[in-house]
Amino acid sequence: MELGKQRAVLLATAVVLVAGAVTTATAGASTTATAGASTTAAAGEPGTPVTLSTGWTIPWGTSWLPDGSGALVTERDDFGVWRISKDGKERKRVGTVPESQTTGGEGGLMGLAVDPDWATNHYVYVMHTSSEGNRIARMTYDGTTVSGYKVLLKGIKKNKYHNGGRLAFGPDGYLYATTGDAQDKPLAQDKNSLNGKILRLTTDGKPAPGNPFGNYAYSLGHRNPQGIAFDAQGRLWEAELGDSKKDELNLIKAGKNYGWPTCEGTCDVAGMTNPKRTWGVAEASPSGVAVVDGAVYMAALKGKRLWRIPTNADNENVGTPKAYYIGEYGRLRSVTAVPGAKELWLSTTNADNNGGQPEGSDTIFRVPIG
Ligand SMILES: [Ca+2]
């Protein structure tokens, strides 16, 4: 333990020294090359967001095409799927998810995930609200339009609030989905309910082999998780909205119980897994998360800021979170790692009920990471 601690301190010192060197070099370079200086970021930190695309209305899910040419983006309340090019200049509506409806609150067309084998099978996956509840569906995006709607999983209880809704592929090739408790708290502790869970399923909509309870559930005890992302070590980070006390960043493991509604934030109850970090709901209320270069980035709605939480490759501790852009861009919904670059895409959700801004007032930003 003591040796490990010393090693961690030495490593941390080395990182600081290296970071200092990089900062100096970057500063010198930007002095010479003035163009782009405004977007220069300090080493390891997010720089000033650059507007990538405007005119959006509650963009919710973002997923890159594996060829890196661009991404697909959902709009929550009109159920549209859009393709946006990497440079942001081309923005085209490529389809609508059928059988969708809003909840007059937080439901609608939410998460989207492009199949890692999209070049071969052209599959994309969406999570959306429908008449009987929330669903996970598969569609085909042929490079031009989205079509061929097929329900993979239905009957996830919906509600005006607490619909979860984020989708992501794991390094294991399975699809992970976040579901809210639909404001029916006991569901989160019921292993046989689809609500208040991280689900793990196959691309055909079956429970993934090896799931801890033999059903769709991968972890339980979640209130309203809206952010999931895998790091370079294959670990799953999750952000969830607390009630009135604490929001959470969790490290998700198969079969673990993350506490809700017995616990909100950190507690001392046998069988419950505590979060890695917590925040007061006014400074966070997190939705999407992304991982770049060993740091988790967490988009905050009510908190109107982007949080950066350093992680460690060789242990499960996280460092001190730091907030960026407090109040500058409004409510931040999604943050997505740009493949092959030290960059994020960051989207606002000011046109939602809580933001109260008119339709078309949302923006997607590109954020360089130094
Ligand atoms: Ca918890």
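Reader: In this predicted model, which residue of β23 is the bridge partner of Val335?

Author: Strand β22, residues 332-337, runs antiparallel to β23 and is joined to it by five bridges. The two strands form a hairpin with five residues between them, and Gly340 in that turn has a positive phi of about 75°. Within this pairing, the bridge partner that Val335 finds in β23 is Leu346.

Reader: Which residue of β24 does Leu346 stand opposite?

Author: β23 also pairs with strand β24, residues 362-368, in the antiparallel sense and over five bridges. In that pairing, the residue of β24 opposite Leu346 is Phe365.

Reader: How many of the six residues of β23 are buried?

Author: From β23, which spans residues 343-348, Glu343, Trp345 and Ser347 point one way, while Leu344, Leu346 and Thr348 point the other way. Residues of both groups are buried, and the strand is accordingly described as mostly covered, with the number of buried residues being six.

Reader: Turning to the open sheet of four strands, what is the average twist from one strand to the next?

Author: The order of this open sheet is β2-β3-β4-β5, with antiparallel pairing. Its edge strands, each pairing on one side only, are β2 (59-64) and β5 (91-96). From one strand to the next, the twist averages 25°.

Reader: Which residue in β3 is the bridge partner of Pro59?

Author: β2 pairs with β3, residues 70-75, in the antiparallel sense over four bridges. In β3, the bridge partner of Pro59 is Glu75.

Methods: Residues numbered from 1 in each chain as written. Predicted model: local features only at pLDDT ≥ 70, side-chain atom pairs only at ≥ 80, totals over all residues. Pairing = 2+ DSSP bridges. Axes fitted to C-alpha atoms, helices over the stretch in contact; angles between N-to-C directions. Buried ≥ 20, exposed ≤ 12 C-beta atoms within 10 Å, placed from the backbone.
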